[in-house]
Amino acid sequence: GAIEDPRAFNALIVQVSHLACPECANSLLLLNLRRWPRPDESLRSAARAALDQAMPDAAFVLLGQVTNQQTPEWVTLYAESRRAAGLSE
């Protein structure tokens, strides 16, 4: 039933811990975003929250779905995600 209900799908994502299986959680997050697209502001806000929770990979998934990737906020979040993931500038 989760595939048809966004709230149920979000609950499923929460159950699949980023600590237990980050790749699984990120895959579910990407599927969620493809099934139920979100506005850029919501994606940037969620990316900020992911970074605050030390989940740079989830931030990358969210930022990858932002339509306008030229805003200063997106550029800053992307650079911060790279640093948090231990990637060079």
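**Exercise 1.** Find which residues the disulfide joins, and state its handedness.

*Solution.* Start with the sulfur atoms: a disulfide is a pair of cysteine sulfurs within 2.5 Å. Cys21 is joined to Cys24, S to S 2.1 Å. The structure holds one disulfide. Next, take the torsion about the S-S bond: it is about 60°, so the disulfide is right-handed. Finally, check Cys24: its relative accessible area is 37%. Buried means under 20%, exposed over 50%, partly exposed in between (1.4 Å probe, protein chains only). Cys24 is therefore partly exposed.

The model is predicted: local features need pLDDT of at least 70, side-chain atom pairs count only at pLDDT 80 or more, and totals for chains, interfaces and linings use all residues. Residues are numbered from 1 along each chain as its sequence is written, and side-chain values use heavy atoms, leaving out hydrogens and water.

**Exercise 2.** Describe how helices α1 and α2 pack.

*Solution.* Helices here are DSSP runs (H or I, at least four residues), numbered from the N terminus. The axes of α1 (residues 6–15) and α2 come within 9 Å and cross at roughly 165°. Angles over 145 degrees count as roughly antiparallel, so α1 and α2 are roughly antiparallel. Now list the contact (heavy atoms within 4.5 Å). α1 gives Phe9, Asn10, Leu12 and Ile13; α2 gives Leu28, Leu29, Leu31 and Asn32.

**Exercise 3.** Work out what the buried side of α4 packs against.

*Solution.* Helix α4 spans residues 56–64. Its buried residues are Pro56, Ala58, Ala59, Val61, Leu62 and Leu63. These pack against α2 (22–35), α3 (40–52) and α5 (72–84).

Conventions. Helices (H or I, at least four residues) and strands (E, at least two) are DSSP runs, numbered from the N terminus. Axes are lines fitted to C-alpha atoms, for helices over the stretch in contact, and angles run from 0 to 180 degrees between N-to-C directions. Angles under 35 degrees count as roughly parallel, over 145 as roughly antiparallel, 65 to 115 as roughly perpendicular and the rest as oblique.
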